[in-house]
Amino acid sequence: MIKLFKIALRNLIRFKRRTFLTTSLIAVGVLFVMVFISASSSFNNIIIGQITDSMLGHIQVHKRGYMASIDSLPLTLNLNEKGWKKFRSIAKEIPEIESYSPRIKFGAMFSNFIDSTNIRINGVYPDMEVATIPLLLSRIKEGGKAIKKGEILIPELLAIGLKVKIGDSVVVIATNRDGSVNGMQFQVGGIIESVTGPGGRDGYIHIEDAKDILRMEELEVSEIALRINDFSKLDKINNILTEKLSGNKNKQGKQIFDIRTWEKLSPFYNISKMIDIMTIFIKFMLIAIVLVSIMNVMIMAVYERIREIGTIAAIGTMPEKILALFLIEGFSLGVLGVIIGNILAGMSIFLMNVIKITFNFSRQTGYVLAPELKMGDIIFVSIVVIVVSVFATLQPAIKAAKMEPVEALRHV
Amino acid sequence: MSLISAVDINKIYRSGDIEVHALKSVDFEIESGSFISFIGPSGSGKTTLLNLIGCLDKPTSGKLEVAGILTSDLSRREAAFFRGENLGFIFQDFNLIPVLTVYENVEYPLLLVQNLPQKERSDRVYSLLEKVGMKDQVDKYPDQISGGQKQRVAVARALVSKPRLVLADEPTANLDSKTAFMVIDIMRQMRDDYGVTFIFSTHDPKIVGEVETLFTLVDGVLVSTKKGKGGQND
């Protein structure tokens, strides 16, 4: 086998230019695929991280039916105190849940005593919210990095539109679940960076203030955001939580809780999926490049060496060894291309990290792309390229192995 | 018992409607240790006959036995195995493998055909290269040596597997007279040393004058068998 490798490698060296061009083609293909995978994966991770860590959380729990009417933020579909307590007792049984934060969400009128507009209010326990949504504080552009009672964090868009500054007094007017209207004065404690989507009009107050304004006697929770300790186990933890909560049914025998991961809550998931599909297409393109280039070069190699094949066959070389000889050549071309391609990809990705490529996503700006070469991707792409290389060599190699020595020796 | 026995051998090539009768009812016997040649003009069937003896092709009809084996019964793999164990080949264009050195070319049949251990391979290769006068060129590649040297390497390669029979198709056609005689001398010496049977196909008078038996083919018919000048009985 070593000798066959030696012969195969020497044949590759014998046709230097052809080997160089084929290897380069494969290497460039591997380079582009690896850079694309790394960059798109970094983009995905950054955006998903932003979405989950600055607003959504990894998983959200609502009362069943709430999500269907979420645009109107219905207070009538909040989880009651009993449901909230039930959730807390179950959450304690799942160590993978790092933190959770209950929210009272409602639509309200926001006024600076001159103008008014609508706002979506999130009543939260500050400590629990920050533990679950760690980027929340970093979104506060002005004011104190806290949510205090009697204060409100307002979105940047509203602050600009209504010319509201830190320390200004504002009024929030809301209708509670019984239909009665109540207003409450707040001081602007901070201005928060707007995010993409309906969350762009989200303001934050303390949950006790929310209870007051809505005249709640007991805590009624619109949603519970959860953070888990290992994002890669999202589906597994979601399944555990769903299973544990599924035993809770109402009087009609229907499930009380509705559990959803961020994927079902954010439209970015579709973009993320599209990027994954594009990655698959890019991989197919790489396979096509490898297949065509290796098959082409190996067909040429067989054609040019017909007399040689005839000679070794006449000497008594078994067909399977002739087959192996050419398969090893294709294999070696693939391996060579993969090694060079991965080295180039590593260098390119290192360079991208040094240059620090920034990008904007909707209203968020200044994200720094941080691509990294993952061992799993390297192994997967390398194996695919090598397997395709051998597969592409199969047809010419079989042709060589089946060649009649007498005809091959006659070839001029 | 003869090494080769051919009875009523016919070989017909067909290409569409065209039929070429390359060998017509050829009968002959060759004893072990012979140094013989098939001669005749181009197209007389010499190479075809060598191909049949070398199990590279099969007769259309007739019975051909080589070393006691009916070659027409051999499958592709069996024929390859038989060639590897019993036959050596020398070609007009030398047909050395260009990516292998002189040593590796000679070693090839032992390594990739007979799978012999390294020590035995090395002993046999060096011994033969010494006999053909190429021991000091072992690391050279075929494109670094002359035509005569290439043919000497080819002779060593043909003999290294200890075959019973060496088939040489026009072995001196691409060599000058001096080199041709030298190569023939080497082959005869090998025959004497190892008892290997040598069969040539040629119309080169240099070989014709050196072999022991001459089979003359004309238009696929074996027209005569006679002793050559190199014949031991002369």
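**Exercise 1.** Find the residues that touch the most other members of the largest nonpolar core.

*Solution.* Start with the core itself: it has 113 residues, and A:Phe87, A:Phe106, A:Phe110, A:Ile152 and A:Leu241 touch the most other members. (A nonpolar core is a set of buried Ala, Val, Leu, Ile, Met, Phe, Trp, Tyr and Cys residues joined through side-chain atoms within 4.5 Å; buried means under 20% relative accessible area, exposed over 50%, partly exposed in between, with a 1.4 Å probe and protein chains only.) Next, see who contributes: helix 2 (residues 16-56) of chain A gives the largest share, 14 residues. (Helices are DSSP runs of H or I, at least four residues, and strands are runs of E, at least two, numbered from the N terminus.)

A quick word on ground rules: this is a predicted model, where local features need pLDDT of at least 70, side-chain atom pairs count only at pLDDT 80 or more, and totals for chains, interfaces and linings use all residues. Residues are numbered from 1 along each chain as its sequence is written, chains are lettered from A and ligands numbered from 1 in the order written, and side-chain values use heavy atoms, with hydrogens and water left out.

**Exercise 2.** Work out where A:Arg227 lies and what its side chain pairs with.

*Solution.* Finally, look for a partner: a 2.8 Å polar contact joins its side chain to that of A:Asp53. (That's a pair of N or O atoms within 3.5 Å; within protein, one must be able to donate a hydrogen and the other to accept it, and residues adjacent in sequence count only if both atoms are side-chain atoms.)

**Exercise 3.** Find how far apart the C-alpha centres of domain 1 and domain 2 of chain A lie.

*Solution.* Take the bounds, which come from an automatic or database domain assignment: domain 1 is 2-51 + 269-410 and domain 2 is 65-255. Their C-alpha centres lie 51 Å apart.
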